[in-house]
Amino acid sequence: MSRFVWAAWGLLVVVLDLPLFGWDVLPDIVGYLWLVVGLGGATHMAFVRARAAAAAGVPVALVTGTPLFVGQDGIIWGAVFIEILLTVLILHQLATAISDLAPDGDQDARRWARGIRIGAPAAGLIRLIGLVGLATSLGALYALGYLGLVAVGIVTVVLMHRVNRAGWLDLAPPDPA
């Protein structure tokens, strides 16, 4: 299994949240670490930015995925806010790198990456609006934004597996930037 596959599985663990008694059954910290490992040898700057965002997600996941901060609503709220931003950044940067590195004949990868680059910030914004208005009638937007990010995340995972099977990432030259 290539290291890039680790990044895809890590992303799936990050976007799926299954809480049980305050613990995330699919711990985001593991997903973020898999992303860091999977993107370890990447030379394209968008992959490097996604890896940096995943590394920043490790301490945030300690707050959002464990019951260590139960009752400290301000800390949890801030960590969830940061985690939403990091998830959007990771999805966007992965799609940017795939789009930039796609061979000329692979228009499908570019089209799906373009959709991810639009969908991730849109779903993230909806989730952030829901988070800010959680105690109001806007709170339902939080769940809608979560579902949107899950959908975009799953599409990104599928695209990453497709790209990995195609093998053209191994042939990609280093990013000149």
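Student: Which residues of α3 are buried?

Tutor: A helix here is a DSSP run (H or I, at least four residues; numbered from the N terminus). Buried means under 20% relative accessible area, exposed over 50%, partly exposed in between (1.4 Å probe, protein chains only). In α3 the buried residues are A46, F47, A50, A53, A54, G57, V58, V60, A61 and V63. They pack against α1, α2 and α4 (73-101), with contact taken as heavy atoms within 4.5 Å.

This is a predicted model: local features need pLDDT of at least 70, side-chain atom pairs count only at pLDDT 80 or more, and totals for chains, interfaces and linings use all residues. Residues are numbered from 1 along each chain as its sequence is written, and side-chain values use heavy atoms, leaving out hydrogens and water.

Student: Where does α3 kink?

Tutor: At V58, by about 40°, shortly before the proline P59. The bend is the angle between axes fitted to the seven residues ending there and the seven starting there.

Student: How is an aromatic pair described?

Tutor: By the distance of the centres and the angle of the planes. Rings of Phe, Tyr and Trp (its six-membered ring) pair if their centres lie within 6.5 Å; planes under 30 degrees apart are stacked, over 60 edge-to-face, the rest tilted. That rule gives 3 aromatic pairs. One of them is F4 with F47, edge-to-face at 5.7 Å and 70°. F4 sits in α1 (residues 3-15) and F47 in α3 (residues 45-64), so the pair ties together parts 43 residues apart in sequence.

Student: Are F4 and F47 buried or exposed?

Tutor: Both F4 and F47 are buried.

Definitions and conventions: Helix = DSSP H or I, 4+ residues; strand = E, 2+ residues; numbered from the N terminus.
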